[in-house]
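I opened this notebook to record what I looked up in the structure, entry by entry. The entries follow the order in which I went through the model.

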Amino acid sequence: WEKFIEEFFRNVGLYPLYELTVSIYNRLGVLAHFPEFQGFFMHLLELIRLHEEEGADIASFQEFFANLTGDKLYVEVADTDAVKLLTIHKSKGLEFPVVILPFLGMDIQVGSSNASYQQSYILKEHRDTVSLFRLKSKYYSFSDELYQIYRQEYKKAFIAELNNIYVALTRPRYELYGFIPKKTGNSFNFLQLLIPQADYRKGVPRTYAVSEEKKEMITPLAPSACRDWIDYLKDEFQSDKVLANRAQRSQGVICHFLLSFIGDLDRADLAQTLDRAYAQAVARFPLNDGIAECRKMVERLVTARGLKRFFYLDGNEVFTEKAIVDDRGQTRRLDRLILSLDTVTVIDYKSSKDAEGRDDAQMRAYSELLGKMYPQRKICGYLIFVDTCEALEAVS
């Protein structure tokens, strides 16, 4: 219970159902233990995602899932001996041993008619204007221009339908079965005039051997890996004590923002840099009256005797708010990254120390990722605390 269930039981309702389900997949090793059913597990996640717009709780999803029928429960698996259902448009360029056309017809829609068979409208562009014509049979005797427009549009629609019929009739390799109704919608099916009765069926039935070689060519893929989203989402939130002090949290956000403008102070004037950062902060946080105090804190931080080496860099390359992506596609954003010839230094600003040790774990993750990016350089990580102007080297 404690190892596999308790944490999920406690977090029901606190985390989105999608992330909770992915965490269950990860904790129980579902995809690794049942790789042949991966498509079904992924489809379940897709159903959860579709339902989350209406309700993200388990009870509403269970009711939604219990009422699902038909295609919504269907999982397409490529390595199966099954009938493929395609539209004519999607079948372009494909070939099949046997093709069945259940409702083969020419549905000639002129202009912008919709499925309800409302009247068609045609746009005609002139030099400076656009005209809208309504195509209706009873108007043609009053306007030859309108009739000529209709003729041209009818030809286009007729040719388009002929092209569709050509695509449909050229998909089979051996057998073709077409069922041609007398009408398509409310209109006469002109295909009856083009294809004689004797030609409704083409080819002869045959026996198809299953190719074992083709099956062996299918290479099974390794199961997908799911991460534990509950632990990941915990990293996005501060402790209850930090959340309780909203003023301190707001101050930390502004200080982070101001520090993002601090590059190599050996190449820039500190006062001008802080003035520019302050102006940007006023525009970014217009309702906050603590920006001036945050500026003083940042100035005190970057000029502190023990911290100058992180801001006065003697020409070394520096990045602020640098986004890097790990080998699993997850993005990390580094507060400050300093590159020298033989050392890579990553810095994370903190408002105060975290007694739970999550900051050290975060810096270890940063250092491990940077070690892969710069294998020939030494990786150093530091936590800089804005409130005390201290730097603490992270445990690697």
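I began with Arg27, which counts as partly exposed at 23% relative accessibility, where I take buried as under 20% relative accessible area, exposed as over 50% and partly exposed as in between, with a 1.4 Å probe and protein chains only. The side chain of Arg27 meets that of Glu7 in a salt bridge at 3.0 Å, N to O, the criterion being a side-chain nitrogen of Lys or Arg within 4 Å of a carboxyl oxygen of Asp or Glu. The pair links distant parts of the chain, with Glu7 in helix α1 and Arg27 in helix α2 (residues 17–28), 20 residues apart; helices are DSSP runs of H or I with at least four residues, strands are runs of E with at least two, and both are numbered from the N terminus. Glu7, at 14% relative accessibility, counts as buried.

Before going on, I noted that this is a predicted model, in which local features need pLDDT of at least 70 and side-chain atom pairs count only at pLDDT 80 or more, while totals for chains, interfaces and linings use all residues. Residues are numbered from 1 along each chain as its sequence is written, and side-chain values use heavy atoms, with hydrogens and water left out.

How many salt bridges does the structure hold? I found seven salt bridges listed, and I looked up two further ones. Asp275 forms a salt bridge with Arg295, with the closest N and O atoms 2.7 Å apart, and this pair links Asp275 in helix α12 to Arg295 in helix α13, 20 residues apart. Asp275 is partly exposed at a relative accessible area of 40%, and Arg295 is also partly exposed, at 21%. Lys350 and Asp348 meet through their side chains at 2.9 Å, N to O, and both Lys350 and Asp348 are buried.

Phe257 is buried at a relative accessible area of 15%, whereas Phe261 counts as partly exposed at 25%. The rings of Phe257 and Phe285 have their centres 5.6 Å apart and their planes at 90°, so this pair is edge-to-face. Because Phe257 lies in helix α11 (residues 246–259) and Phe285 in the loop between α12 (270–284) and α13 (291–302), the pair ties together parts that are 28 residues apart in sequence. I also noted that ring pairs link Tyr147, Tyr150, Tyr154 and Phe158 into a cluster.

Leaving aside its neighbours within four places in sequence, Asn164 is in contact with Ile88 and His89, contact meaning heavy atoms within 4.5 Å.

For the whole protein, I recorded 14 helices and 12 strands, and buried residues make up 32% of the 396 residues. Among contacts between residues at least 6 apart in sequence, 62% join residues at least 24 apart.

Definitions and conventions:
Phe/Tyr/Trp six-rings, centres within 6.5 Å; stacked < 30°, edge-to-face > 60°.
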